[in-house]
Amino acid sequence: MATLAVTLLFVSLLVFLVVRVLPGDPALVIVGTEGSPEAVERIRKALGLDRPLVVQYVEWVGHALQGDLGRSIQYDVPVAGLVVSRLSVTLPLTVMAAVFMALVAIPVGVYAATHQRRWGDYAVMALSQLGVAVPAFWAGLLLVLLFAVHLGWFKSGGFDGWGQGVGQGLKALLLPAVALGLFQFAVLARTTRSAMLEVLREEYVKTARAKGLAEGRVLFRHVLRNAMIPILTVAGIQLGQLMAGSIVLESVFYLPGLGRLAIGAISARDLPVVQGVVLFVASVIVTINVAVDILYGVLDPRIRYE
Amino acid sequence: MLRARALRHVTFVIGLAVTVVLLATAALSLVYTPKDPLEMSITSRLQGPTGAHPFGTDQFGRDLLSRVMRGAITSILVGVIAVGIGMGIGVLLGVVSGYFGGWLDEGFMRLMDAVQGFPAILSALLISAVFRPSVAISMVAIGVAFLPVFARLTRASFLELRDRDFVSAARALGAGDATIIGRHIMPNTLSPLIVQATISFPVAILAEAALAYLGLGTQPPHPSWGLMLRESQAFLATNPWFAIFPGGAIALTVLGLNLLGDGLRDLLDPKQVG
């Protein structure tokens, strides 16, 4: 927990320094060169920029810990409220993408491991190379082209909210989730394959087969269970990457998530919103990474003893 | 022996071939493209592949083949500089962390844990909030995202090697820290760093394309594959080739570089050498 706290402190320091220190005068960035000196001074006072840097940082972190990420200059509402409202799109999208990723990657990786150095294995490896090479946003555009433009099965973008029904909401997120998760399966498929191969070489697997156990039972009860440790840890790390990737996919499918909120805020020079979104997403990614480290120790007693 | 093994390694050969084609295309585009990548022609807007325009044209009638060729330069430049930034600063941090250890090591590694929370897109969002989006921003943002991996790799090597006999011997003979780091430990760290650089290069190309697509990287009218995909989005129904060729260029480039990196890693694996 201490490690997580220190890391999150560094995250907050990085976000603060980039926005407050790098540009020299953030008030000038917000108002722009066309703004009057009075407007600059007003913004400076409103954001507390006239106080010493250390005081600004301590106050800002203190407020952030209480859930106060400042106020949006563009919308004049709390940034935290904006983040929470946009999470209703970004979070389900990330989770759906992760589910697709796991549903494809794990069976494919198991298949490759059990058909090592045969055509099935080579095909999986080739597919996974393609998966890594294809940008998710290009995959998204191609899915729009096929399923929305040519087949008309889906809308090309937009999200009407969960008020229209969970089914409609999930349908709107289906194509972006597939684009995001399906092509990220490559890393997880390779990890599954490597982990399975590692365990398949163990003596107890030979023993299980020698005892006459069905191959399916050997694979799922003995091999996959023990291979799940590295698979889960990589999947956990991928979750953070998927969250970052969702920022791009939201632009492909015009989804009102965190990513489009931040990109819109850049155009509007709404620094508090950009700061808030980046701090939130970075903190989530760091927390996931630390949780994965802890999970690894929980699942594998050998790591704890080391 | 290594060359013979290399040529027998199919992955390495395919990867090398694609990389050579990429570099040749980029180099050629500096002196020749079928048309001027910036030349507009309103009468030739949004055409599919034709004899005059093998890849078609964009919304301003600009030749897509020429823009895809010139876009290779942007990708390579951003890739090289971003990896250079990540490697340069990351290795420095890793050396200090791994060699000296103690509270410096602890502090730097917590800092790297924090930096790991900033994928290139997040760094670019943050930096673009205060500076105008540009290709330089994407280089810095992507480079920052690579810091942790190079720092950790260097640190791991130094932790392993700093207490070895040959280092102790050098120290006993009066070698200072700088000499031990530069002449004795660093050369033994290079191999994994080179492999990591070849792995990071295609990642940088993908990241640059994503940032350009979001409007946070290369700005119009300069050709960039990601920017072309951004521009193509409004015309998917009218001219799908506008999206297909730049995306295909990205995928083919990244595929080739990944195969090269994989092949290089296998060839440099000490268990297989000799």
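Reading a buried leucine and a chain contact

Tutor: B:Leu257 is found in helix α10 of chain B, which covers residues 241-268. The model is predicted.

Student: Is B:Leu257 buried or exposed, and why?

Tutor: The general idea is to count neighbours: a residue is buried if 20 or more other C-beta atoms lie within 10 Å of its own. B:Leu257 is buried because 25 other C-beta atoms are within 10 Å.

Student: Which residues is B:Leu257 in contact with, leaving aside its neighbours within four places in sequence?

Tutor: With those set aside, B:Leu257 is in contact with B:Gly15, B:Thr19, B:Phe201 and B:Pro202. For B:Val95, the C-alpha atom is separated by 28 Å from that of B:Leu257, and the two residues are 162 residues apart along the chain.

Student: What does the secondary structure of chain A come to?

Tutor: Chain A has 14 helices and zero strands. Its C-alpha atoms fill a box of roughly 85 × 55 × 35 Å along the principal axes. Of its 306 residues, 41% count as buried.

Student: What share of the contacts in chain A with a separation of 6 or more comes from residues 24 or more positions apart?

Tutor: Such residues account for 71% of those contacts.

Student: How many residues does the contact take from chain A and from chain B?

Tutor: Chain A gives 41 residues and chain B gives 35 residues. On the side of chain A that touches chain B, the helices that each supply at least two residues include α1 (2-20), α11 (215-252) and α13 (271-299). The residues of that side divide into 34 nonpolar, seven polar and no charged.

How values were computed. Residues are numbered from 1 along each chain as its sequence is written. Chains are lettered from A and ligands numbered from 1 in the order in which they are written. This is a predicted model: local features need pLDDT of at least 70, side-chain atom pairs count only at pLDDT 80 or more; totals for chains, interfaces and linings use all residues. Helices (H or I, at least four residues) and strands (E, at least two) are DSSP runs, numbered from the N terminus. A residue is buried if 20 or more other C-beta atoms lie within 10 Å of its own, exposed if 12 or fewer, and partly exposed in between; C-beta atoms are placed from the backbone. Two residues are in contact if their C-beta atoms, placed from the backbone, lie within 7 Å. Ala, Val, Leu, Ile, Met, Phe, Trp, Tyr, Cys and Pro count as nonpolar, Asp, Glu, Lys and Arg as charged, and the others, Gly among them, as polar.
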